[in-house]
Amino acid sequence: MYIYLYNVLLILRVNSTLSYFYFFCPDKMPGLQPWTPGHNEAHRVTIGYGRKVILTSSVTVHSIEILNGGKLVIADSNRPIFLRAKHILIGNKGELHIGSPECPYKGNLTISLFGRSDDTEVEHSYFGRKYIGVGTGGTLEIHGEKKLSWTFLNKTLHPGQGNENSYHFERSWGNRGIIIHVINPKTGDVLHTDRFDTYRSKDESRRLAQYVDEVETGQILAMVVNDEGSNNLEDLAKKALTKLGSQHFHRLGFRCDEVVCVCVCVHPPGKPAYLHIGEEVDGVDMRAEVGLLTRNILIRGEMEPTCYGNEACKFFSFDTFGGHLKRGFRSVHVEGVEFKHMGQQSMGHYPVHFHMNGDVDKKGGYDPPTYVKDLSIHHTFSRCVTVHGTNGLLVKDVVGYDALGHCFFTEDGPEERNTFDHCLGLLVKASTLLPSDRDSKMCRDITNGAYPGYVAKPRQDCSATSTFWMANPNNNLINCAAAGSEETGFWFIFHHVPTGPSEGMYSPGKSEHTPMGLFINNRAHSNYRAGMILDHGVKTTEANAKDKRPYLSLVGARYSPHQDADPFKPRVPALVHHFVAYKNQDHGAWLRGGDVWFADNGIGLTLASGGTFPDDDGSRQEVKNTLFVGESGNRGMPDLIDQSWGPGGLDHLGRSLPRGVDFPIRGMQIYDGPINIQNCTFRKFIALDGRHTSAFGFRLNNSWQSCPNNNVTDITFDDITSRVFFGEPGPWFNKMEMDGDKTTVFHDIDGSVSEYPGAFLVKEDNWLLRHPDCIDIPDWRAAICSGHYAQIYVQTRNPANLNMKMVKDEYPDKPLELVGALGKRNHYQQFQPVVMLGKGYTMHWDQAAPAEVTIWLINFNRNDWINIGICYPKGTEFTIISDIHNRLTKETRKTGVFMRTTQREKMGHSHQTRGYYYWEEDTGLLFLKIKAHNEKEDFAFCSVKGCERVKIKALIPPGSGPSDCMAEAYPRYTEMPVIDVPMPKKLPRSKLVSRHF
């Protein structure tokens, strides 16, 4: 991502005349005493006891402390002011003022913080070194000039392209004075130019006023001053310029960073080295962001030429001990400021840091509410804006560029109601501070806080560097952009309990149930891992022998938002509205958790997944009104370092590729679910020889379940070769031997995918779900079927490392072999097959049958049933009960017992409190009828009363061999295939949905 620095002042002609307002300017306050301390790095300055001073010239001091009614005001001068200090501390009842909201600072001010991390002086116990600190009761007001913080290119720039058909001032501006170009706002053409030497002649000033008045309404005036132009600039010309909105006529010296109103695309001198898109491509807004870095107020850290004397030098060759600004205040408002070389590779020292401030809006008594706006934060050594234990903060129009560690960062988990509005983050890199900040090398090398014997797994424990890091979902992100992160653009992470100094601020689990704030009109591109992630948590306990990972390492978490963050109250959907994601190497968005609705999106390789069971009772995730584009017209550029370049697209020409030339590109990647995909368009998914590409696909190498309630409807396709691909053995897919690879399924509600309304698409070789009329689609490795489907979760203990073979009685020669969703070292195993209801099945094991089997009924409606025969060794004795497990209270209630019967048909006479099992010892099969007795809500896994289960405890004879009863069971129990739900009729072409986008 490239930052364009503008070098012209643009003024838009308007019809109305601006009234003159006179606002309060802090440097005009009566009673201010001039302060000129000179230059002495040993001079420690204290401004207190009601003393009010104004700084009018450059100064170097050791430090400045303002307290007890003291006030320091920086004069708004036409001469640059350079203030150097090791630190500035604003204590109780101390005030520092630079401009005001009504009277922005117009001069050039630099505050330069100097010092080294190895200084021998004792550092401040709270603020440390090299800081601007606002203590309790302190006031900091900094208000620089208002400028457009960032915008978009309005024209694509190709490598080596000159500035044809664009507008910029040349360096050789000619003679002294004010140079004006009149510009066509639509084309950027220069219609007329003139120069006015208002330094030499008042006549030139009058001619300038007349010239401005005669310019046609709607044209753009671009004005640059060469050398000096204010000496003889009269009031008549000043008023003419003021009518146009200019605030700079009183300071017409050479300036190189002004942007007042950007109405055409302005290029810097020189030619671009890379492709910069400035247009919509295939329906997706891919315009490059253009951020402003320079401002008239600069706060910076003075740096050493190389890294020195600390652990960070293992990873960085440059000095990382920058300045920082930290607040614990009475009043803070900062806007129009540039921060450069700020932040330190140590905890708590960031460019802009709100630390444990509580509510800083009207709820906390702040009027006006606290804000930071119009900031340019770049080349930072630790984050951009940190919000820690602070609520209700407004962060608006902030550009963060080239930062180490999470850029816009919420820290401990209780931070809520903060708003990030129109913020831009670019080029965010790994940092040493937290496990989530670290890259793979840092994760392995930094083991502080880990338990002895810890072996890092970087992609699991660390590697989460993000542009926006949200530790609580109740924050607002509006009109923000994240590009070029080493990992992720937007990451919503969960703290099961608040961490650090925020410990105890909310009850365990609250953040996972907290409704999401506004997430509207955001965009993420060119990130490595994903554009957006809503998943995972951080480890909130210290390392120990059981879990050796360091504190705050990444761990699993599940999001299930409810009203008032109370899981006993109604669910609340999390809305991701109008999100644009493109050119992210792995995922456009990965969303895990309950009731996440993904609506009105631009593009994304989107993976939506549901919760985990049984802690999540089922959820609804929706993807609506979304455009998915596989390979757009934005081809990118070849990179000699990254080998992901190869043929693609409709024309098979060279282009940048996400992860390699054979990586299977998928638009909507279905994981577990349930999800609902509605009113979406898939465009330009083109398969090539050696590369599978499809609109719909499934998670690669998936061990987890697939829900038959994954629903799709109102789908359209534009320029694609494959609507669906279920996978086959080969590169990326591997052997397709994991359970989730074999059980994939989704429901085509209206036939817009398969052209068979109401049909289910299943993997072609999963005969648990097939019947004779299913239609094979070889190119998809799929079959189109009909039926009533649900799931069972089969949990086994003693042993837990066995494999299961499940057979449908109608197709005994087509068993489904499952290895389990959990690792073989786990204390129990879980198999998660999808089943066709109203059918008979048998289960077999590659070892002696488990001593304990629990069968959970998943997605069973009331009275749904299947018959199960489970293989056991001869001589086994059984205890079988039914119960209901409540996921919220963690309570389990026994509901019935199963009695042995010698008549197999009696199993059908079971009811909730008493059931029957049939033990056929000569075949080794234990037969049960598994039936749901309670109603279920639409998207829940289990019934309204809890999860219905059948629990089998078996006393197995010692030394028993593998429990595989296939030879005894079949053909004895083979059944003729029966089609319970007839196949739907194929849609005529006239009924297919028209294009959405």
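Rings of Phe, Tyr and Trp (its six-membered ring) pair if their centres lie within 6.5 Å; planes under 30 degrees apart count as stacked, over 60 as edge-to-face and the rest as tilted. By that rule, ring pairs join Phe628, Phe682, Phe685, Phe696, Phe698, Phe717, Phe726 and Phe746 into a cluster. This is a predicted model: local features need pLDDT of at least 70, side-chain atom pairs count only at pLDDT 80 or more, and totals for chains, interfaces and linings use all residues. Residues are numbered from 1 along each chain as its sequence is written, and side-chain values use heavy atoms, with hydrogens and water left out.

**Overall build**

- The protein chain has seven helices and 68 strands. Both are DSSP runs numbered from the N terminus: helices are H or I with at least four residues, strands are E with at least two.
- Of the 997 residues in the protein chain, 60% are buried. Buried means under 20% relative accessible area, exposed over 50%, and partly exposed in between (1.4 Å probe, protein chains only).
- Among contacts in the protein chain with a separation of 6 or more, 72% are between residues 24 or more positions apart. A contact means heavy atoms within 4.5 Å.
- The protein chain exposes about 38,900 Å², and carbon and sulfur atoms supply 50% of that area. Accessible areas come from the Shrake-Rupley method with a 1.4 Å probe; for residues, only the protein chains shown count as cover.

**Aromatic pairs**

- A pair of aromatic rings is described by the distance of the centres and the angle of the planes.
- The structure holds 35 aromatic pairs. In one of them, tryptophan 469 and tryptophan 491 have ring centres 5.6 Å apart and planes at 50°, so the pair is tilted.
- This pair links distant parts of the chain, 22 residues apart: tryptophan 469 is in strand β31 (residues 466-470) and tryptophan 491 in strand β34 (residues 488-494).
- Tryptophan 469 is buried at 2% relative accessibility. Tryptophan 491 is buried at 0%.
- Phenylalanine 490 and phenylalanine 519 pair edge-to-face, at 5.4 Å between centres and 80° between planes.
- Phenylalanine 490 sits in strand β34 and phenylalanine 519 in strand β35 (residues 519-520), so the pair ties together parts 29 residues apart in sequence.
- Phenylalanine 490 is buried, with a relative accessible area of 1%. Phenylalanine 519 is also buried, at 1%.

**Charges over rings**

- A charge sits over a ring if NZ of Lys or CZ of Arg is within 6 Å of the ring centre and within 35 degrees of the ring normal.
- Arginine 116 lies over the face of tyrosine 308, 3.9 Å from the ring centre.
- Arginine 797 lies over the face of tyrosine 828, 4.7 Å from the ring centre.
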